[in-house]
Amino acid sequence: MTVACGSAAGLPQPAATQPAQTHSAAPQPTQPATPQPASHAATSPASTGGSESASKPLAGKVVGIDPGHNGDNGADPAYINQIIWNGRESETCDTTGTKTASGYTEAKFNFNVARYLRADLRAEGARVVMTRTNNHGVGPCVNRRARILDDAHASVAVDIHADGGPAWGRGFTVLEPIADGPNDHVIRSSERFGNDVRTAMLQHTSMPVSNYYGSNGIEFRNDLAGLNLTTVPKVLIECGNMPNATDASLLTSPRFQRQLAAAFNTAILTFLGNH
Ligand SMILES: [Zn+2]
């Protein structure tokens with residue numbers, strides 16, 4: 001069974017001395033990190049305004065972007081392995097994310113796509129809120145990331161990730177929330193947005209739907225803080241499978257990263273244009 005993003009719910013995981021956490025690894029028994037005071041403050045959220053000319057299609061809209069993980073998560077296992085409540089169960093604050101065979105990290109990929117998307121959205125007149133503003137920090141925890149976008153009252157939000165599935169597997173999967181109370185009011189809107197994202201991915205990029213995970217590019221998840229705790233329409237996208245050589249060649253390409261951003265921008269325009 002393939003799972004993604006925080007799959008080993010409730011199990012403290014080593015971060016500093018292990019290979020990058022893959023999203024698809026089965027939960028394994030691990031030793032908790034040596035208890036230490038958490039020394040890193042969470043990265044401050046930043047709200048960045050774009051031009052809000054009334055002539056622009058996203059004028060007056062707030063869009064949330066959560067680039068998964070962070071570049072230095074592996075440097076502070078005590079912080080990253082702290083246990084948080086994800087709305088349904090306990091899980092760790094975050095993981096280091098996955099990487100390609102050549103060592104290109106998911107955290108870097110996620111952040112690069114987020115920056116391209118932020119620029120696209122600002123050009124459309126949106127105000128963009130990101131859960132982290134660089135790729136050399138630790139955290140914030142996944143529950144805090146959800147809260148940042150909830151508190152911003154984003155019109156729509158996207159969590160950007162790439163998967164660490166089997167090396168033979170290819171393609172993208174859109175992860176969507178399951179009703180759990182806090183997110184009840186955004187289940188149907190998130191599903192609509194997820195369909196917009198899948199459509200835009202297929203139209204604007206060469207990444208196929210996943211051949212190893214989900215159903216036709218869609219999977220519903222009830223174990224991820226970003227989806228469990230959201231009060232704004234949101235999906236998490238696994239843009240491709242980093243251990244796969246073909247996907248990796250795309251995911252590490254700046255040109256492809258810009259195409260992904262353009263696809264998400266199109267999906268956001270479609271979603272907000274219809275609501
Ligand atoms: Zn991830």
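Modeller: Let us start with burial. In α2, the buried residues are Glu106, Ala107, Phe109, Asn110, Phe111, Asn112, Val113, Ala114, Leu117, Arg118 and Leu121. Keep in mind that this is a predicted model.

Next, the length. Helix α2 has 18 residues, and at 1.5 Å a residue it should span 26 Å. Its end C-alpha atoms are 26 Å apart, so the two values agree. Just after α2 comes glycine 125, with a positive phi of about 100°.

Now the partner. Two packed helices are described by the angle between their axes and the distance between the axes. Helix α2 covers residues 106-123, and helix α7 covers residues 254-273. Their axes come within 8 Å and cross at roughly 50°. The two helices are therefore oblique to each other. Their crossing is right-handed.

Which residues in α2 and α7 meet? From α2 come Phe109, Asn112, Val113, Tyr116, Leu117, Asp120 and Leu121. From α7 come Pro254, Gln257, Arg258, Leu260, Ala261, Ala262, Phe264, Asn265 and Ile268. The residues of this contact divide into 11 nonpolar, three polar and two charged.

Finally, the setting. The chain has seven helices and nine strands. Of its 275 residues, 55% count as buried. Take the contacts between residues at least 6 apart in sequence: 81% of them join residues at least 24 apart.

How values were computed: Residues are numbered from 1 along each chain as its sequence is written. This is a predicted model: local features need pLDDT of at least 70, side-chain atom pairs count only at pLDDT 80 or more; totals for chains, interfaces and linings use all residues. Side-chain values use heavy atoms; hydrogens and water are left out. Axes are lines fitted to C-alpha atoms, for helices over the stretch in contact, and angles run from 0 to 180 degrees between N-to-C directions. Helices (H or I, at least four residues) and strands (E, at least two) are DSSP runs, numbered from the N terminus. Angles under 35 degrees count as roughly parallel, over 145 as roughly antiparallel, 65 to 115 as roughly perpendicular and the rest as oblique. A crossing is left-handed if the near helix is turned anticlockwise from the far one by less than a right angle, and right-handed if clockwise. Contact means heavy atoms within 4.5 Å. Ala, Val, Leu, Ile, Met, Phe, Trp, Tyr, Cys and Pro count as nonpolar, Asp, Glu, Lys and Arg as charged, and the others, Gly among them, as polar. The expected span of a helix is 1.5 Å times one less than its number of residues. Buried means under 20% relative accessible area, exposed over 50%, partly exposed in between (1.4 Å probe, protein chains only).
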